[in-house]
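Visitor: I'd like a quick tour of this fold. Could you walk me through it?

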Amino acid sequence: MMVSSSAAVAVQERRRLLARWLDAAAERSKQAEVLVLASGHLRELELAQCAGQLARIVALDQDPASIEEMKRTHQGLDTLFPVVASIGRIIVKPLVHGRFDLVYAAGLFDYLDDTTAKRLLTGMFTALKPGGRMLFANFCHDVVDYGYMESFMDWRLLARDEPEMRTLLDVLPPAEIANTFVFRGLNRAVVYAVVEKR
Ligand SMILES: C[S@@+](CC[C@H](N)C(=O)[O-])C[C@H]1O[C@@H](n2cnc3c(N)ncnc32)[C@H](O)[C@@H]1O
């Protein structure tokens, strides 16, 4: 069953982890602003405890249906600003929505080649406030059902491991980085990279 596969378990864990990052952003700043790229339905927001305390959540996805579902689920949350747009917008004009305390993308970098990934990371980093944090996730090479996903669901994922994540981070200006942290989720199917800006 796909639902109990390592990828599905990892995506559920990823949702919980993103909810914790949203809560952490709210705890770090009373006026925290968050930019979510390729947000999908933004399901992690339903698990976040402090979502209502965030000053602004800009959630960007190219799929109008996902944006509509997000609006339906979170109607009444007037700090949520859903945007139908490609991530190309953040590559070309990183500050188009202002600066943020937290910028993240999950379920996106798996589709981006290294060149595009590095351009997007540069845009995400530019959009961070001083002291802000960014996070991105990627499926790993050794996901058990990777072949199944590619053969039967047409998900052609670009898997990465820790060194490959660190190579992507090389594009960022070292002098402006306070910390980087690369780690795997519990079942080791997804790798995460976190960068904190000085
Ligand atoms: C696998 S879903 C991930 C959704 C959510 N972030 C999560 O963690 O569950 C991938 C999402 O990326 C969006 N997406 C893919 N390519 C995109 C692009 N170039 N610009 C904006 N959104 C994109 C899709 O529309 C889809 O909603």
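Visitor: Is β7 largely enclosed by the rest of the structure or left open, and how many of its residues are buried?

Guide: A caveat to begin with: this is a predicted model, where local features need pLDDT of at least 70, side-chain atom pairs count only at pLDDT 80 or more, and totals for chains, interfaces and linings use all residues. Residues are numbered from 1 along each chain as its sequence is written. Strands here are DSSP runs of E, at least two residues long, and helices are runs of H or I, at least four, both numbered from the N terminus. A residue is buried if 20 or more other C-beta atoms, placed from the backbone, lie within 10 Å of its own. β7 is largely enclosed by the rest of the structure, because its buried residues number 6 of the 8.

Visitor: Which strands stand at the edges of the sheet?

Guide: Strands pair if DSSP finds at least two bridges between them. The sheet is open, with 7 strands in mixed pairing and the order β3-β2-β1-β4-β5-β7-β6. Each edge strand has a single partner, so one side of it is left without a neighbour in the sheet: these are β3 (80-84) and β6 (177-184).

Visitor: At about what angle does helix α1 run to β4?

Guide: Axes are lines fitted to C-alpha atoms, for helices over the stretch in contact, and angles run from 0 to 180 degrees between N-to-C directions. Helix α1 (residues 6-28) lies across β1, β4, β5 and β7. Its angle to β4 is about 175°.

Visitor: Which residues are closest to the ligand?

Guide: The shell has 14 residues, counting those whose C-beta atom, placed from the backbone, lies within 6 Å. By class there are 5 nonpolar, 6 polar and 3 charged; Ala, Val, Leu, Ile, Met, Phe, Trp, Tyr, Cys and Pro count as nonpolar, Asp, Glu, Lys and Arg as charged, and the others, Gly among them, as polar. The closest are A38, G40, Q62, D63 and G107.

Key. Two residues are in contact if their C-beta atoms, placed from the backbone, lie within 7 Å. A residue is buried if 20 or more other C-beta atoms lie within 10 Å of its own, exposed if 12 or fewer, and partly exposed in between; C-beta atoms are placed from the backbone.
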